[in-house]
Amino acid sequence: MRKTLKITGIISVFLLLLILISLQFVWADDDTNTEFTYQLNGVDGTAVITGYEATAVDVTIPSQIIVRQVSYKVKAIEESAFLGNTAIRSVTIEDGTKIIGRNAFLGCSNLQNVELPDSLTRIEMEAFKGCAIQSIKIPDSVEYIGYRAFQECQQLSDLQFGEKGTLKYIGDDAFYNCNLERVELPEGLEQLESGAFNANPVRKLVIPESLILVGPQLLSNYDQKCVVILGNPSLGFSDRGAGENAEIYGLTGTDTEEWAYSGGYSFFPINAPSNFSAIMHNDETVTLKWDSVSSAARYKILRSINEEEYQLLAEVSGTEYTDEDTVFDNTYKYSICPVYTDCLNETVEGKYANTVAGVEIPDSAFYESLLKTADNGDGILTSVELAAITSLNAEGYGIVDIEGIQYCYNLKNLNLASNS
C-alpha cells in the first residue's frame, strides 16, 4: 500500500512539473515584441519602450506589449531608447504612444522615415536630433516640441503641421540647421522660442495670429524672403536674417511694423478693409464699398447666400464692387480682404472684414423705426427681416419719407401718427 502511494505521489509531482513547463512554454509563445526592452506598469496596464535589441532596419513600435498573456498598452518611448542606432532607416509608431522621450532617436544618422501616431502629445528635447529625416508630419494631437527636437536634421525639407490648434510650444533651436525653405506655423501656437528655425534656407515664414511670444534669432539666412505675421506677438528677434530684400507682411501699429522699418525691410499692411458696407437696391443689385488698405494690389471678395458656405465672388483692384447676381428675398453676407503677390510670386491674404447686405432706406428716422422692430442686433436691415414685419408702430419718429416700405410686403398693421 505504501509503495502504491509513493509511486502515485511521484507520478503526481511529475505531472505537476509537466504542467508548469507547458505553461511556461505557452506564456513564452504568447509574449510579443521580444526585440524591445520595456518597463511594465501593472497598476494602469501600460508599458514604456526602454530599448531595442534587434537589428532590423524598419522598426514598428507596437500599440501593445503582451507578456504572459497580459496586454500592456504602450504609452511612451523612454529617454535614449534608440540612442545612436545607425542601423534603423524607418520607424512607424502605432497609435497609443503619447510621449517620445528626450534623446530617444538622437544620433540615428540613417533614420530617414518616421511616421508619428495621432495619439502623440509631446516630442521631448533632442528626440530626433541628427537624424536623416527628409519629411515629417506633426500630428494634430502634438502639444509640445522640445529644445533641439529636430536639430541637425540636415535633409529635412518638408515640415507639415496639423490644423486643430493643439500645438502650443516649440522650443529653442527645435529645427536648427535643417533644410526648410517654407514654414507655415499652425494657428493655436502660442510660444516660439529662440532660434527655432535658425540656419535654415527659409524663403517663406507664416506666423499665426495666436502666437504671443517669438524668441530672438528666429532666422539667420540672408536670402530674399517673405515673412507673414498675422497677429501682434512680442517680437524678440533682431534685424538679423531677414535679408536685404525681405518683405514683411503684418498689421500696422504693431511690433511687426516697427521691426520691419527699423531693419530697412519692405512692409505691407494686412489690415482688414475698414468701413465695409453692402447696400441692396430695389433693382436687386448690391453695392459694396470699403476704404482702401495702403499698398494693397487687389481685394478678394467672398459671398454667402442664406447662411451657406462662403464662395469666391470676385477679385478687384478698386474699393467698390456691384453684385448684380442677387435676388431680393435672399440674405447675402460678404467678406473681403486685401491681397498681395509676394516676392516668390505667391499670394498673401490679409485680414477679413465682414458685413451683411442691408436694404437702402433713405429716411434715417424711418430706418430707425424699422430697425427697432426688425433688427436682430447687428444694426443692419436685410430684405428678409423687412419681409418678416407684420406690424409697425412708427408714431412720432419725425418721418418725412417712407421709401422702402414696399419691402415690408407682409405688413398688416401700420401706425404713422405724428410724422410729417
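These questions and answers walk through a predicted model.

Reader: How is the model numbered, and which residues count?
Author: Residues are numbered from 1 along each chain as its sequence is written, and side-chain values use heavy atoms, leaving out hydrogens and water. In this predicted model local features need pLDDT of at least 70, side-chain atom pairs count only at pLDDT 80 or more, and totals for chains, interfaces and linings use all residues.

Reader: What pLDDT does the protein average?
Author: pLDDT is the predictor's confidence in each residue, from 0 to 100. At least 70 is scored by 91% of the residues. The protein's average is 89.

Reader: Over which residues does pLDDT stay under 50, and how many contacts are there?
Author: A contact means heavy atoms within 4.5 Å. Residues 1-7 stay under 50, with 0 contacts beyond four places in sequence. Over residues 13-30 the pLDDT is also below 50, and beyond near neighbours in sequence this stretch has 5 contacts. Where pLDDT is low, the predicted coordinates should not be read in detail.

Reader: How many aromatic pairs does the whole structure hold?
Author: Rings of Phe, Tyr and Trp (its six-membered ring) pair if their centres lie within 6.5 Å. Planes under 30 degrees apart count as stacked, over 60 as edge-to-face and the rest as tilted. The search finds 16.

Reader: F105 and F128 form a pair of what kind?
Author: The centres are 5.1 Å apart, with 0 degrees between the planes. F105 lies in the loop between β7 (99-100) and β8 (113-115), and F128 in the loop between β9 (122-123) and β10 (135-138), 23 residues apart. Helices (H or I, at least four residues) and strands (E, at least two) are DSSP runs, numbered from the N terminus. The F105 and F128 pair is stacked.

Reader: Is F105 buried or exposed?
Author: Buried means under 20% relative accessible area, exposed over 50%, partly exposed in between (1.4 Å probe, protein chains only). F105 has a relative accessible area of 0%, so F105 is buried.

Reader: What is the angle between the planes of F276 and W290?
Author: This pair is edge-to-face, at 6.2 Å centre to centre. Both F276 and W290 are buried. The angle is 75 degrees.

Reader: Which ring does the charged end of R122 sit over?
Author: A charge sits over a ring if NZ of Lys or CZ of Arg is within 6 Å of the ring centre and within 35 degrees of the ring normal. For R122 the distance to the ring centre is 3.9 Å. The ring is that of Y144.

Reader: Which residues does T331 touch?
Author: T331 is found in the loop between β26 (320-323) and β27 (332-341). T331 is buried, with a relative accessible area of 16%. Not counting residues up to four places away in sequence, T331 touches S304, I305, N306, V356, T382 and V384.
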